[in-house]
Amino acid sequence: MAEYDVITDAAGLAAAATALAAGTGPVAVDVERASGFRYSQRAYLIQVYRRDAGVFLIDPPAVGDLSTLQDAIGGITWILHAASQDLPSLREEHLEPPQIFDTELAARLLGHERVGLGAVVEDALGITLAKAHSAADWSTRPLPQPWLEYAALDVLHLVDVFDVLRDELEEQGKTDIAAQEFETVRTRPVKPAREEPWRRLSGLHTVRGRRALAVARALWIAREEYAREQDTSPGRLVPDRALVAVVIADPKTKQDLARVKDFTGRASRSQLDRWWAAIEAGRADPALPAERASGDGMPPPRAWAERNPAADLRLKAARPLVEQLAVELRMPTENLLTPDTLRRVAWAPPAEIDPASIGHALAAHGARPWQIEATAAVIAGAFVESVQTAEAASDLAS
């Protein structure tokens, strides 16, 4: 196995950039983060490979300014696997691809049963990748050589995989489909922050009462602030279940809090004053949260038959047809059209139902041109049929 060095300074980056600029074809890019260990999602290692240039492993925190790398590869296609996971970390380092090819997404569109990086490489090239270090703490310094070998392999074969998948897309007539999907991923705006992120606390459903929810919210905020300050994953300080256990235990004093058996985590006792202050703040907060999170006005489909029978019929008529179409196109249903998009159009369809109006409705919910072309007529026909079915049932009942 080859020995790999990590680029940690501007001079090393400049040499790598010169080699990459002189390489040929697209460039494979990957990112290693410290998810589950650090609070941030920043890149702690960036791997880059281009034919006739080689593999380069870059330490972003050490190097700092990566504009030299952007200048070298900012005009060519970047090959990534599961690009939506890596693009935010790359953009944080001011690295922006002009065009991408996502090998995971390509595999999905081609109907491959396995789409993880190791599986895609194995299926395309017959090469088995070891995934022993996929959950490692990549903020570790120095990085062990076996980790660097693993990281290099994540990009070393991607260009060859690109060649295979590009040909498969051409054979299945999906080249344009893939291009639209890749561009959607590349240009997708950052999701707005959740209005009430504290409601994602695991086990929160066991908490009863608005005051108790206020305490849970205050504890979550206190943990977030400390995790950000320490750049440590919140769950490594105090797990979700421990915060919820405190809320349910309802300790009357700081000493009672310290005695809560299920209040675990490495910061549970060392930051006891912090947690007790949060509990008191939650108990005194006049702005009590609602019992349930505010929704978007669309109930779960299981309630549609009672809440909106016409929408229920529309969804039940269209969903199996879309699923069958996905089978015919050899791709997962969610890649043909997300279930949420179909539900939203079924719940609130246009006044006049025809392929054009359904197409506009789908586009309003983010569907791409190829998706609209493939599904609009099918959905429109199903919606019209659902109305006819309802009318026939009503005639029989009368």
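At 10% relative accessibility, phenylalanine 162 counts as buried, because buried is taken to mean under 20% relative accessible area. The model in which this residue is seen is a predicted one, and the values that follow were computed from it.

**Aromatic pairs**

A search of the whole structure finds five aromatic pairs. One of them joins phenylalanine 101 and phenylalanine 162 in an edge-to-face arrangement, with 4.8 Å from centre to centre and 90° between the planes. This pair links distant parts of the chain, since phenylalanine 101 belongs to strand S6 and phenylalanine 162 to helix H8 (residues 158-171), 61 residues apart. Phenylalanine 101 is also buried, with a relative accessible area of 6%.

Another pair, formed by tryptophan 138 and tyrosine 150, is stacked, with 5.9 Å between the centres and 25° between the planes. It too links distant parts of the chain: tryptophan 138 is in the loop between helix H6 (117-125) and helix H7 (145-156), while tyrosine 150 is in helix H7, 12 residues apart. Tryptophan 138 is buried at a relative accessible area of 1%, and tyrosine 150 counts as buried at 7% relative accessibility. The two pairs are set out below.

| Aromatic pair | Centre to centre | Angle between planes | Arrangement |
|---|---|---|---|
| Phenylalanine 101 and phenylalanine 162 | 4.8 Å | 90° | edge-to-face |
| Tryptophan 138 and tyrosine 150 | 5.9 Å | 25° | stacked |

Beyond the pairs, Phe101, Phe162 and Phe182 form one aromatic cluster.

**Strand S2 and its partners**

Strand S2 covers residues 24-32, and it is largely enclosed by the rest of the structure because seven of its nine residues are buried. S2 pairs with strand S3 (residues 45-51) in the antiparallel sense over seven bridges, and with strand S5 (residues 78-80) in the parallel sense over two bridges. Alanine 28 shows both pairings, for its bridge partner in S3 is tyrosine 49, and in S5 it stands opposite isoleucine 79.

Is glutamate 93 buried or exposed? At 8% relative accessibility, glutamate 93 counts as buried, and its place is in the loop between helix H4 (83-92) and strand S6 (100-102). Leaving aside residues up to four places away in sequence, glutamate 93 touches Arg42, Ala43, Ile46, Pro60, Gly64 and Leu66. Arginine 42, one of these contacts, also lies over the face of tyrosine 44, at 5.9 Å from the ring centre.

**Domains and the whole chain**

The domain assignment gives domain 1 (10-187), domain 2 (200-284) and domain 3 (301-397), and the C-alpha centres of domain 2 and domain 3 lie 44 Å apart. An unreviewed UniProt entry places the feature "domain: HRDC" at residues 209-289. That span is 65% helix and 0% strand, and its end C-alpha atoms lie 9 Å apart.

Taken as a whole, the protein has a secondary structure of 20 helices and six strands, and its C-alpha trace spans about 80 × 70 × 35 Å along the principal axes. Of its 398 residues, 45% count as buried. Among contacts with a separation of 6 or more, 65% are between residues 24 or more positions apart.

Terms used:
Residues numbered from 1 in each chain as written. Predicted model: local features only at pLDDT ≥ 70, side-chain atom pairs only at ≥ 80, totals over all residues. Heavy atoms only, no water. UniProt positions renumbered as here; feature names shortened; annotations may be inferred. Helix = DSSP H or I, 4+ residues; strand = E, 2+ residues; numbered from the N terminus. Buried < 20%, exposed > 50% of the residue type's maximum accessible area, 1.4 Å probe, protein only. Contact = heavy atoms within 4.5 Å. Domains from an automatic or database assignment. Pairing = 2+ DSSP bridges. Phe/Tyr/Trp six-rings, centres within 6.5 Å; stacked < 30°, edge-to-face > 60°. Lys NZ or Arg CZ within 6 Å of the ring centre and 35° of its normal.
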